[in-house]
Amino acid sequence: MEMAAVLTTLIGTTSVLGLSLIPLLAIGLTVYRYNNFDPESHPKNAQELLRMYDFIVIGGGSAGAVIASRLSEVPNWTVLLLEAGDDENEISDIPLLAGYTQLTEYDWKYHTLPPSTSAYCLAMIGDRCNWPRGKVLGGSSVLNAMIYVRGNRHDYDNWARAGNTGWSYEELLPYFLKSEDNRNPYLARTPYHEIGGYLTVQEPPWKSPLAIAFLQAGQEMGYENRDINGFNQTGFMLTQATIRRGSRCSTAKAFLRPVKNRPNLHIAMQAQALRVIFNDKKRATGIEFLRNGKQQIVRCRREIISSAGAINSPQLLMLSGIGPREHLTEFGIPVLSDLRVGDNLQDHVGLGGLTFVVNESITLMKERFQTISVMFEYIARERGPLTTPGVEALAFLNTKYADKSGDYPDVQFHFAPSSINSDGDQIKKILGLRDRVYNTMYKPLQNIETWSILPLLLRPKSSGWIRLKSRNPLVQPNINPNYFTHKEDMDVLVEGIKLAMKVSNTSAFQRFGSRPHTIRMPGCHKYPFDTYEYWECAIRHFTFTIYHPTGTCKMGPRGDPTAVVDPRLRVYGVKGLRVADASIMPTIVSGNPNAPTIMIGEKVSDIIKEDWRENQKRNVGRR
């Protein structure tokens, strides 16, 4: 990109992102330097499309970008990737500015329904939690915190035990390794990591003193510092992230830019899929999509793969006649296959804003990273605070409710050397936090040194659903997460908060004078601080989803009445259609699902290649 164009883009985003001009100009120099040294420039937005492709992939996100890249490795297959959003921009490349792309044009801007039964999201405007999802090439890998966690081996072994042949941990590990290019030598030389893949993984080059204290605290509490993507998951670890040379490594950057000149791969951006078209034999034959204000149709010779995500994939299937019969009939949609599409919605949820105060000037405050010296450290050395995703370390811990039989922790900590007060009102804005809550709890902490732990429930028993609000594809679906309908979910989270308080009480943190922020949540004043009743109330108010929706097009064997796709990710009841994204997870993985979603893209690409090789052999045999 030319320097003038970079600066124009950055200056144009100043008012939107609330960044001052000098840091933006400095970032502009970084982008200019990066693009000059990076041979992988942005892919072209194909305007002239073929009338028919062998494969159409819907959604260029964490799985879709992988699938389009891998299928186009076969030179005589034509592949079309349809993406509703545009290409990623310069701001999204900066790890520390991850939150600044939320609520912009790169975000679908989803939100949950107000709760009808169990209370949650009460501290948010309208009692609705924002659910950002990437509407951009690279999908949510452009909006997320870049955290690379594979999940627990038991997650996948349980999938396989449920009848999902080929999905055990040992069978899936090669697909994690296939993608990975790990830049930390002490990790890369182990059997659980690899170098040379498309996806760069590394520890961010900058960390605060509190990150080291967090690891030391884990040791004091009896946990090992270990590679949580290795043999055992339980323990504390510096964050591994999808970062390359100090910048975000989205799936678009990793999997599409290196292959953008393949003549058999077309990438059509600003093209929103409206419905899958079927013939009278229930075979998917094409896609209707919206581009430049016009409805268009493109045909498919072999298969369509929906990788639109855990919200958009079920919406697309239901609009196409695949879903619960009663629900589709209500909207006058002819039913092709009566399946439990949209059910089994699972998410990682916890307490937001759990804040601790320290006495030393060592936390990550906006005033510290928006300086010229920080900017030029990033430009000249690809180092400094701008290279951190904000979450510096992770931990997987066992509450008293955890499985006693093995390495299967039930709570995850995200550690940050910052809190709600550290970034002006940007975090308040993207969370949709009510003024009363922010002004009561966090405004008094302005210019105070704070850090936080986000305690997350790894395997919720509660599940929700996605349903159509309208048969108009441009109307967002209804999202009901149904948090906390099972009491044990709350019990585990409260125990997780108690463990977080123990982290602050370790000598590693006490040397910084760490102590909990004790101003109570509005709406919870009748409960004494640090009691079960107070924490339950606080969780139901400041309900923090870390944006991990999964499970809404569940994978399962033919005998499973709740399954939408089979273990080869083919949609039951129709032909020529697969789903491959986080929606196929039978149960949510124990950790951030971005790496597993990329793995799903790798796995299904091989499945498709195998199936069509077998199909070709059968056809040859008939001759």
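Is R340 buried, exposed or partly exposed? R340 is partly exposed, with a relative accessible area of 40%. Buried means under 20% relative accessible area, exposed means over 50%, and partly exposed lies in between (1.4 Å probe, protein chains only).

The model is predicted: local features need pLDDT of at least 70, side-chain atom pairs count only at pLDDT 80 or more, and totals for chains, interfaces and linings use all residues. Residues are numbered from 1 along each chain as its sequence is written, and side-chain values use heavy atoms, with hydrogens and water left out.

**View 1. R340 and D343 form a salt bridge.** The closest N and O atoms of the pair are 2.6 Å apart. A salt bridge here is a side-chain nitrogen of Lys or Arg within 4 Å of a carboxyl oxygen of Asp or Glu. D343 counts as buried, at 15% relative accessibility. A search of the whole structure finds 33 salt bridges.

**View 2. R153 and E170 meet in a salt bridge.** The N to O distance is 3.4 Å. R153 lies in helix α5 (residues 153-161) and E170 in helix α6 (residues 169-179), so the pair ties together parts that are 17 residues apart in sequence. Helices (H or I, at least four residues) and strands (E, at least two) are DSSP runs, numbered from the N terminus. R153 is buried, with a relative accessible area of 17%. E170 is exposed, at 53%.

**View 3. R368 and E449 form a salt bridge.** Their closest N and O atoms are 2.6 Å apart. The pair links distant parts of the chain, 81 residues apart. R368 sits in helix α12 (residues 366-369), while E449 is in the loop between α15 (435-442) and β20 (450-457). R368 is partly exposed, with a relative accessible area of 30%. E449 is buried, at 10%. Elsewhere, salt bridges that share partners join R70, E73, K178, E602, D606 and K609 into one network.

**View 4. The largest nonpolar core has 159 residues.** Such a core is a set of buried Ala, Val, Leu, Ile, Met, Phe, Trp, Tyr and Cys residues joined through side-chain atoms within 4.5 Å. W167, F214, I287, F413 and F542 have the most contacts inside the largest core. Helix α16 (residues 487-505) gives the most to this core: nine residues. In soluble globular proteins, nonpolar side chains tend to be buried together. A second, separate core of 11 residues includes I94, L96, Y100 and Y378.

**View 5. F542 and its contacts.** Contact means heavy atoms within 4.5 Å. Neighbours within four places in sequence are left aside. Among the residues that F542 touches are A123, M124, L351, I420, Y442 and M521.

**View 6. The second largest cavity has a volume of about 110 Å³.** On a 1 Å grid over the protein atoms alone, a cavity is a set of points where a 1.4 Å probe fits but cannot get out; lining residues have an atom within 4 Å of a point. Grid points are joined across faces, edges and corners, and the volume is the space filled by probe spheres set on the points. The second largest cavity is lined by 15 residues, of which G353, L354, M441, Y534 and W535 lie nearest its centre. Both α15 and α18 (532-541) give two or more residues to the lining. α18 gives the most, with three residues. The structure holds 11 cavities of 30 Å³ or more.

Key
On a 1 Å grid over the protein atoms alone, a cavity is a set of points where a 1.4 Å probe fits but cannot get out, and a pocket is an open set with protein on both sides within 12 Å along at least five of seven lines; lining residues have an atom within 4 Å of a point.
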